[in-house]
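I'd like to walk you through one structure, starting with the overall picture and then going inside. Have a look at it first.

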Amino acid sequence: MKLVTGLLAVVLFLAGVGASHAVVRIADDRGGRIGTYVDKYQDLRSSGEAVIIDGLCASACTIVLGAIPRDKICVTSHATLGFHAAWDFGANGRAITNPEATQMLYSMYPSPVRRWIAARGGLTPRMIFLRGRELQTMYKPCYLDAQASAAKLPMSSVSATSATRLPMSQASATRPPSSH
């Protein structure tokens, strides 16, 4: 009886560990309204979940870099971050740069990202992309295991925000030892 009770306790413990160690996968997210992303990422930060950037994260999506602790973010070889100035629609329906919102957005980024942006002329209406080795010098690389790669969601089930929660068993959080 003690053996059965012990096994049940272990199973319940492991089930709880798996549920609390979910990760959010970001891919193909072209951004949107800044306020929406600030709210979304505050909730994500509160949850303690880790973030895998595994594709495009552009515009307001990049707020994740300032909202989530650096040690909770990893990037795959497919990760691409796209940055540009914040804008509003003008009276004639054309996009007009919003300097205050652009400064707020810029101030949210960690200093290595701000330095990278500044070295490329700052946030302007033109999109600039951070990817590859440059990105992996700023954030830990993460490696999706074969199961997670094979379990990619069909396009019809990917939402506009393209953030997908995966249990740790599908998104390998095992990373090579890091000195960061």
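Okay, one definition before we start: when I say two residues are in contact, I mean that they have heavy atoms within 4.5 Å. And keep in mind that this is a predicted model.

With that, take the contacts in the protein chain with a separation of 6 or more: 68% of them are between residues 24 or more positions apart. As for the overall makeup, the chain has seven helices and 10 strands. Of its 180 residues, 38% are buried. The accessible surface comes to about 10500 Å², and carbon and sulfur atoms hold 60% of that.

Now let's go inside. The largest nonpolar core has 35 residues, and the ones with the most contacts within it are Tyr41, Ile53, Val64, Leu65 and Phe83. Helix H2 gives the most to this core, with four residues. So what does Tyr41 touch, if we skip residues up to four places away in sequence? The list is Ile26, Ala60, Cys61, Ile63, Val64, Ala67 and Ile68. There's also a second, separate core of five residues, including Val23 and Cys142.

Last stop, the largest pocket. About 380 Å³ of space lies in there. Its lining has 15 residues, and Gly32, Arg33, Ile34, Trp87 and Asp88 lie nearest the centre. Helices H2 and H4 and strand E6 each give two or more residues to that lining, with E6 giving the most, three. By class, the lining has eight nonpolar, five polar and two charged residues.

Technical notes:
Residues are numbered from 1 along each chain as its sequence is written. This is a predicted model: local features need pLDDT of at least 70, side-chain atom pairs count only at pLDDT 80 or more; totals for chains, interfaces and linings use all residues. Side-chain values use heavy atoms; hydrogens and water are left out. On a 1 Å grid over the protein atoms alone, a cavity is a set of points where a 1.4 Å probe fits but cannot get out, and a pocket is an open set with protein on both sides within 12 Å along at least five of seven lines; lining residues have an atom within 4 Å of a point. Grid points are joined across faces, edges and corners, and a volume is the space filled by probe spheres set on the points. Ala, Val, Leu, Ile, Met, Phe, Trp, Tyr, Cys and Pro count as nonpolar, Asp, Glu, Lys and Arg as charged, and the others, Gly among them, as polar. Buried means under 20% relative accessible area, exposed over 50%, partly exposed in between (1.4 Å probe, protein chains only). Accessible areas come from the Shrake-Rupley method with a 1.4 Å probe; for residues, only the protein chains shown count as cover. A nonpolar core is a set of buried Ala, Val, Leu, Ile, Met, Phe, Trp, Tyr and Cys residues joined through side-chain atoms within 4.5 Å.
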